[in-house]
Amino acid sequence: MADIGEIINANASRAITPAAVGSQVALMSIISIVTIVVFNVLRPKNKVIYEPKVKYHVGNKQPPRISDSLLGWLPPLIRTKEPELVDKLGLDAVTFLRFTRMTRSLYSAIAFTCCGILIPVNVSYNLKNIPSADRDVLSMLTIRDVKGSFLFAHVVVSYVISALVMFFVWRHWKEMLYLRQQWFRSPEYMESFYARTLAVMHVPKKYQSDEGIRAIFESVQVPYPTTSVHIGRKVGRLPELIEYHNTAVRELEQVLVTYLKGGKIAKERPTIRIGGFMGMGGTKRDAIDFYTAKLSRTEQAIEDYRQQIDTRKAENYGFASMAAVPYAHIVATLLRKKHPKGTDIALAPNPKDIIWANFNKSTSELIRNKFFGSLFLVLVCFFNTIPLFIISILANLSSISAYVGFLSKWALASPASFAFVSGVSPPAISALFNFFLPIVMRWLSKFQGALTHSRLDRAVVARYFAFLVISQLIVFTLIGVGFIAAEQIVTEIGHHTSFQDIINNLYTLPSTINQTYINQSSYWLTYFPLRGFLVIFDLAQILNLLWTSFKTHVFGRTPRDIREWTQPPEFEYAIYYANILFMGTVALVFAPLAPLVVLAGAIVFWIGSWVYKYQLMFVFMTKVESGGRLWNMVVNRLLASVILMQLMMALTIGLQYGFKSFMWLTTVPPILFIVMFKFQLDRTFYKNFLYYMPSETELREAKVHSSRSDVSGRGLEKRFGHPALHADLFTPMLHARMMPLLGDVYKGKIGSDKAKLNEYGGQKLDAQVIEGGLRIAAIEQRDLEYDPVLYRRDRGELDWDQRSIASTAIFGNAGSGDNASLYHQKAHQYAGSISGGRASPAPPAFDRYLAQGPSQSLNDIELARMNQSVDQLPLLTDHQSYGYFDARQQPPLHGSPDRMAPPSRYGSPAPMASQPQMQYPPPPGMHRGPTEGYREAPLHRPYPPHRPTSGYSNDPSQNMSVRGGYQG
């Protein structure tokens, strides 16, 4: 056993040898260079994959042209600056790119500081005080063996790192606030209906009606009234049925394409096994007949359900529109920390951002889902220790080889291959397991009740990042410490040391712990080269090409697959942010301990900043624009990483000096600085980041929408009504060259007809009708790719009314007279009243509601319209003070006391020059007089006592203005 002890001592605390690190760096560098070459060769001939946004873009936001030369994609990246990127990509993409630029600059500065100061200190100390047999090339560059006053150089550098982080974060926060405020002032945002809409959540049962929503706003004294309100409606299982139907359409299309691949009928009809487990047991059925019958049953179920659905049942959420975007932001700011009638009122999200399945869940369902989701997350964390244990074994392969015979023989017989495997396999296995974690995290966050995709992204970033730090960094380090502690005890047992002596020698354990987590820096030196390769591999999209080719040649691709494949894919901001933050945390934690780690991180950040810029400019699109909403939370986690770095420094100094010396307290002040810095960031930036803060001129010249237009146009209901109420069902599609073969696929007579496809802008395409009434549309080769015009219509961020006018003109309906909104067309499609449509009829109540408005019966209060005289109050004059409304002091407008005059002209938002802090409520002097051509901003006031109250209390004690509201 003495020989084993010598072997262990020779390899003590070496997680991965320098040769293994060198093998990983060399391998990843070579593969990365080959991948870049492959990308440059494939790019010119596969532009649908590498440059889809050149063809598919919104408006004039086409990216710059790229030369087909070998490196022709680099000049546009270098020339295109941030102002142009904001216009073409949106603020979410620019925020991500700014974060990557900040990290590359920040970590470059940290790497320069650490490598320039700490590496000479570490090397000098090791050469003078550590025998050559007890050190290697990597350990000389770390803090592992450094002791005494030399350690204060590392403490000073940790102060410098904290200062650098605060400097870069403050500088970029200022720029982000400017970009965010400019985004609020952009035409796309100012003309969007959702930008002037408020969401009302957790509405009590008593107020779950349109009238109830208005009563909630009447209970608080805010400066501006609502122009329209809408309570959410229950839709039951209709969304599930529609999703089930559309999934059945995809399954039928795939089966038909596979059976008719190449324009020829396969030898055997496809089959499907119903029931059973893993292909065993169950009943084998004809797949085409099964999915066709399934589709027919689903259509009938949706038709029956739509006939029976009662849209009068209300949900516990609603929406209220304001007359102008600044008004909505002012009211949202005033009600931010208030809960009128127990509700939460905030700015409404983009309707395309809403996860409607979670909006319709009850409070009890959300609580239950959060509990089980948290429980499942704990289980995932627990089972994730298994791959971590494997990775830790591989990372400590050189240490445990002394106990495993074949490993010892392998290490002696072929040191090069042993070093290669021990250096390459740990990060490779880690990357493999990490591939599935984001998918699990996204599903968990959605299951637990995220209401919007933007909030879902924030939840994924928070949970995935925390999971990576806890499992990959902290738990992985603890496992390594356990390995080394066990190794030390086994070594002493091998020397026949008595049990009492082993216990007495445990005083050396702190030193062993210190050496262990510092030596694990060599593992991270193999991790970063792999991450750099994966970034470049993501650029080449080789897996996407291989999978598409495999699916085309083996299964065939449906017209729907091709159509969806040709449009730009969505960029997963949450996953990319979390990975960058985790790499940044690892680099920061090891920056003062092992400077080479932060240098490796800086190199990866530089590579990523260029790759991600290319991908966002030419390949990926943003699912729903949130205006850079993720910025605050990713910066918060960057600051938390600095605190974690300082805690590791405190542990290191405490283990080296001993905690009784209190020398470790010298590392505590930066933690306090970071905490105070965070509070200062919130005070200076956060509120202005969340809300649009208009200047006096902007508030005066804001584009004001009348209540009459909002109510008569049903703008709120169109945008924030549940999409299942007017969703179009998928129509099965098949390649035109396969259509003649349908006679051999289905029995019975097959007729010819037209099918109206919403996927193609409502165009009527040739179709065949099989027995049972199912239409299958024929798609010509020239129509397989996504129509760029339709893409612009579907992705446009302008007001839906304007977009519908454009789409009506494009598709030949300009003369129909319906140029108000696409919603009316969709409503009729929903009701199945357009010839050639496939959708099932709507319930009679739905048609009556859209055509005639709500019933005037008191029993139908959920659908009752607001009193027009209340909704269209005349505007105030300058001499009226902020207080309660006095009808006697308000002259009628144009002869009608309940009519709101339209503005004589609309002002455009002023450029962002200076933004004085607004006073709420604004002083009367800030509004122009009525003779200046602008109408004044309407102010919300309690209404005359003779107005019907619909059973809601007018008790002044219940008005929030009495409890700290603004009373003028």
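This is a predicted model: local features need pLDDT of at least 70, side-chain atom pairs count only at pLDDT 80 or more; totals for chains, interfaces and linings use all residues.
1. Five of the five residues of strand 1 are buried, so the strand is largely enclosed by the rest of the structure.

2. Partners of strand 1. Strand 1 pairs with strand 5 (residues 314-322) in the antiparallel sense, over four bridges. In that pairing Thr197 stands opposite Ser321. Strand 1 also runs antiparallel to strand 6, and four bridges join the two. Here Val200 faces Ile345 of strand 6.

3. Tyr194 sits in the loop between helix 9 (187-190) and strand 1 (197-201). Is Tyr194 buried or exposed? Its relative accessibility is 12%, so Tyr194 counts as buried; the cut-off for buried is under 20%. Leaving aside residues up to four places away in sequence, Tyr194 touches Trp183, Tyr189, Ala348, Pro349, Asn350, Pro351 and Phe720. The C-alpha atoms of Tyr194 and Met322 are separated by 9.8 Å, although the two residues are 128 residues apart along the chain.

4. His202 lies in the loop between strand 1 and helix 10 (210-218). Its phi is positive, about 60 degrees, although His202 is not a glycine. With a relative accessible area of 42%, His202 is partly exposed. Lys341, also not a glycine, has a positive phi near 55 degrees. Lys341 belongs to the loop between helix 13 (325-334) and strand 6 (344-347), and at 23% relative accessibility Lys341 counts as partly exposed.

5. Helix 6. Which residues of helix 6 (residues 82-89) are buried? They are Glu82, Leu85 and Leu89. These residues cover an arc of only 50 degrees around the axis, which puts them on the same side of helix 6. The buried residues pack against four helices: helix 4 (52-55), helix 7 (91-129), helix 8 (151-184) and helix 27 (595-619).

6. Helices 11 and 12. The axes of helix 11 (residues 238-259) and helix 12 (residues 287-308) come within 9 Å and cross at roughly 160 degrees. Helix 11 and helix 12 are therefore roughly antiparallel to each other, as angles over 145 degrees are counted that way. Helix 11 passes helix 12 in a left-handed crossing. The contact involves, among others, Leu238, Leu241, Ile242, Tyr244 and His245 of helix 11. On the side of helix 12, the residues in the contact include Ala287, Ile288, Tyr291, Thr292 and Lys294.

7. Four strands form an open sheet in the order 7-10-9-8, with mixed pairing. Strand 7 (733-735) and strand 8 (751-757) stand at the edges with a single partner strand each, so one side of each is left without a neighbour in the sheet. From one strand to the next the twist averages 45 degrees. Strand 8 pairs with strand 9 (residues 763-769) in the antiparallel sense, over seven bridges. Ala755 stands opposite Leu765 in strand 9.

8. Around strand 7. Helix 25 (residues 559-566) lies across strand 7 and strand 10 (775-779), and runs at about 90 degrees to strand 7. His735 is in strand 7 and is buried, with a relative accessible area of 4%. What does His735 touch, not counting residues up to four places away in sequence? The contacts are Val257, Arg557, Thr558, Pro559, Ile562, Ile779 and Leu784.

9. Pro723 is in the loop between helix 32 (715-720) and strand 7. Its relative accessibility is 30%, so Pro723 counts as partly exposed.

Definitions and conventions. Residues are numbered from 1 along each chain as its sequence is written. Side-chain values use heavy atoms; hydrogens and water are left out. Buried means under 20% relative accessible area, exposed over 50%, partly exposed in between (1.4 Å probe, protein chains only). The arc is that of the directions from the helix axis to the C-beta atoms. Contact means heavy atoms within 4.5 Å. Two strands pair if DSSP finds at least two bridges between them. Axes are lines fitted to C-alpha atoms, for helices over the stretch in contact, and angles run from 0 to 180 degrees between N-to-C directions. Angles under 35 degrees count as roughly parallel, over 145 as roughly antiparallel, 65 to 115 as roughly perpendicular and the rest as oblique. A crossing is left-handed if the near helix is turned anticlockwise from the far one by less than a right angle, and right-handed if clockwise.
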